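Visitor: Could you walk me through this structure, one question at a time?

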Amino acid sequence: MSDKKGKPVPLANEGLPAGERGLFCDAPPREYAPAAKIVEDFWNWARSQSLWILGFGTGCGAIELRPLMTSRYDMYRFGIQPRPTPRQSSVFVIGGYASVKTLKRIVRSYEQMMGPKFVVALGSCTINGGMYWDSYNTIKRIDQYIPVDVYIAGCMPRPEALLAGFQELKRIIRAGKAEGQNEYARNFEWYKANQKRVIKDWNMPDYNW
Amino acid sequence: MRELAEKLAGRYGAREWRDQRRDLSSVTVDAQRMRDVLTWLRDEEGYVHLAFATAVDEIERKAFRLTYAVHNHGTGHGLLVHCEIDRERPVMESIHRLWGQAWTYQREMKEWYGIDFPGSPRVDEEFVLEGWEGPPMMRRDFDSLAYSDATYAERPGRETRDPAAYMKEKLYPEADA
């Protein structure tokens, strides 16, 4: 895997105090070119069989993840399980509405996840604001800030809908079309500008790796 | 309870005593006497527990209505003590020395309504919002929808329907209005 571009411009990390800038990464994310098709197909099959969810319930929709762990819905039979840290996770489930305060943590967690990584946006709030369409502190669509691979509509979607969404995600991954991570690297400036427009007190690295 | 109402009226000019439930009453006092009233209730009458303190924006009367809820664990009786302060000059005496936890409520009111409590610990720090630059958002003249439209990107295609009319159209179109 190699990066397509040449040497990237270092990030300014202007939100950090001068003394701390050296502690964080100043390289923007890179796009990854796929390996030879047969190898990449095998990898994609493997990735789709082992989806590890970041255990970070960002909104009320996270309550629908709990039943998935129980014997009735049992997501483990699909190779899906929650992990306690972004470093070990490959799927980020945005659980419903995201306030600006939460969005900051979402961006930070998403960027800390290791690739390949995928985002499932759950509930109508992530799509068009849902019932928080006129809220002063809730963003109306999550795909302006991080790339989304699968949406699951509903308020709340039932656990069955979540399982269907995960099956859809697997299908996309196996087809090699889960390009969210590369999209984020490609349009990094655009995503960053959107994030900084709503997160007014930006006091973290520009890329939280 | 009548007895307490009369004592409060006699000592502090309290008015508008209302028994909301058997175990809950409310009363209104002047803002300048609020601290004295709360001190007396706590030290003499057994209302030792500050359950919460909050504010309501009475924009029509150009005032903020502050409510302090105190509780007497001996009798199981709760008392809501109200007062009003000028909406143009929203400053209130801090009670953080009466109840240590009061500074949390005061910090909340500072951020949400812009009511100042001079001397209250950390009252100027952010409470639940981060990096908020707009006006205090719980004031009723703050237009949440306009702020949201101006700040957050929207996905086109969202429709709004009147629930009653839409249900009639979908479920029982034959029914008369």
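Visitor: How many bridges join β4(A) to strand β5 of chain A?
Guide: Good place to begin! This is a predicted model, in which local features need pLDDT of at least 70, side-chain atom pairs count only at pLDDT 80 or more, and totals for chains, interfaces and linings use all residues. Residues are numbered from 1 along each chain as its sequence is written, while chains are lettered from A and ligands numbered from 1 in the order in which they are written. Strand β5 covers residues 150-152 of chain A and runs parallel to β4(A), and the number of bridges joining them is three.

Visitor: What hand does the β-α-β unit of β3(A), helix α3 and β4(A) have?
Guide: Picture the strands pointing away from you: a crossover is right-handed if the path from the first strand over the helix to the second runs clockwise. With helix α3 at residues 100-112 of chain A, the unit is right-handed.

Visitor: Are the residues of β4(A) buried or exposed?
Guide: A residue is buried if 20 or more other C-beta atoms, placed from the backbone, lie within 10 Å of its own, exposed if 12 or fewer, and partly exposed in between. In a regular strand the side chains alternate between the two faces of the sheet. Here A:Phe118, A:Val120 and A:Leu122 point one way and A:Val119 and A:Ala121 the other, and all are buried.

Visitor: Which residues does A:Asp134 touch?
Guide: A:Asp134 sits in the loop between α4 (124-128) and β5 of chain A. A:Asp134 has 15 other C-beta atoms within 10 Å, so it is partly exposed. Contact means that the C-beta atoms, placed from the backbone, lie within 7 Å. Not counting residues up to four places away in sequence, A:Asp134 touches B:Ser144, B:Leu145 and B:Ser148.

Visitor: How many helices and strands does chain A have?
Guide: From the N terminus on, the elements run α-β-α-β-β-α-β-α-β-α-α-α. That comes to seven helices and five strands.

Notes. Helices (H or I, at least four residues) and strands (E, at least two) are DSSP runs, numbered from the N terminus. Two strands pair if DSSP finds at least two bridges between them. Two residues are in contact if their C-beta atoms, placed from the backbone, lie within 7 Å.
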